[in-house]
Amino acid sequence: MEAYPLLIIQWRPKVNELLETSIFCPYCGEQISVTIETMDESQEYIEDCQVCCRPITFDITVAFDGSSSLSIRAENDTM
Ligand SMILES: [Zn+2]
């Protein structure tokens with residue numbers, strides 16, 4: 001099985017800003033568009049791929065300087 005690199009997106013959110021971005025599914029490799037609601041604390045949630053319907057883990061980390069980063073990984077990825 002082909003390994004996809006961890007995807008990291010960084011941005012500086014405004015309060016309650018909706019970030020529209022596109023990611024590549026870690027399972028099927030298709031590009032899908034997602035909307036992320038920015039919050040003031042780190043969060044992790046799962047959203048199904050729009051193409052292959054498998055669960056993708058979205059991991060949002062908020063740094064001290066207010067910048068956020070999003071990483072994508074497969075749900076069962078133990079890395
Ligand atoms: Zn997929």
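Reply: Of the 79 residues of the protein, 10% count as buried. This is a predicted model, where local features need pLDDT of at least 70, side-chain atom pairs count only at pLDDT 80 or more, and totals for chains, interfaces and linings use all residues. Residues are numbered from 1 along each chain as its sequence is written.

Me: What makes a residue buried or exposed here?
Reply: A residue is buried if 20 or more other C-beta atoms lie within 10 Å of its own, exposed if 12 or fewer, and partly exposed in between, with the C-beta atoms placed from the backbone.

Me: Then why is C53 called buried or exposed?
Reply: C53 has 9 other C-beta atoms within 10 Å, so it is exposed. C53 lies in the loop between β4 and β5. C53 also has a positive phi of about 65°, although it is not a glycine.

Me: Where is N76, and what is its label?
Reply: N76 is in the segment after β6 (68-74). N76 has 8 C-beta neighbours inside 10 Å, so it counts as exposed. N76 and T57 are 19 residues apart in sequence, and 8.9 Å apart in space, C-alpha to C-alpha.

Me: And what makes L70 buried, exposed or partly exposed?
Reply: L70 has 19 other C-beta atoms within 10 Å, so it is partly exposed. L70 sits in strand β6. L70 and S42 are 28 residues apart in sequence, yet 9.7 Å apart in space, C-alpha to C-alpha.

Me: How do you know how many helices and strands there are?
Reply: Helices (H or I, at least four residues) and strands (E, at least two) are DSSP runs, numbered from the N terminus. The protein comes to 0 helices and 6 strands, and along the sequence the pattern reads β-β-β-β-β-β.

Me: Why is strand β4 said to lie largely in the open?
Reply: Strand β4 covers residues 43-48, and of its 6 residues the number buried is 0, so it lies largely in the open.

Me: How do you know which strand β4 pairs with?
Reply: Two strands pair if DSSP finds at least two bridges between them. For β4 and strand β5 (residues 55-62) there are 6 bridges, and the two run antiparallel. Y45 has F58 in β5 as its bridge partner. β4 and β5 form a hairpin with 6 residues between them, and C53 is in the turn.

Me: What makes β5 and β6 a pair?
Reply: They are joined by 7 bridges and run antiparallel. D59 has S71 in β6 as its bridge partner. Their hairpin has 5 residues between the strands, with G66 in the turn at a positive phi of about 90°.

Me: And how many bridges are there between β2 and β3?
Reply: Strand β2 (residues 18-24) and strand β3 (residues 31-37) pair in the antiparallel sense over 7 bridges. L18 stands opposite E37 in β3. This hairpin has 6 residues between its strands, and G29 in the turn has a positive phi of about 80°.

Me: Where is confidence lowest, and where is it highest?
Reply: pLDDT is the predictor's confidence in each residue, from 0 to 100. Strand β1 (residues 7-11) is lowest, at a mean of 70, and β4 is highest, at 92. The protein averages 81, and 81% of the residues score at least 70. Where pLDDT is low, the predicted coordinates should not be read in detail.
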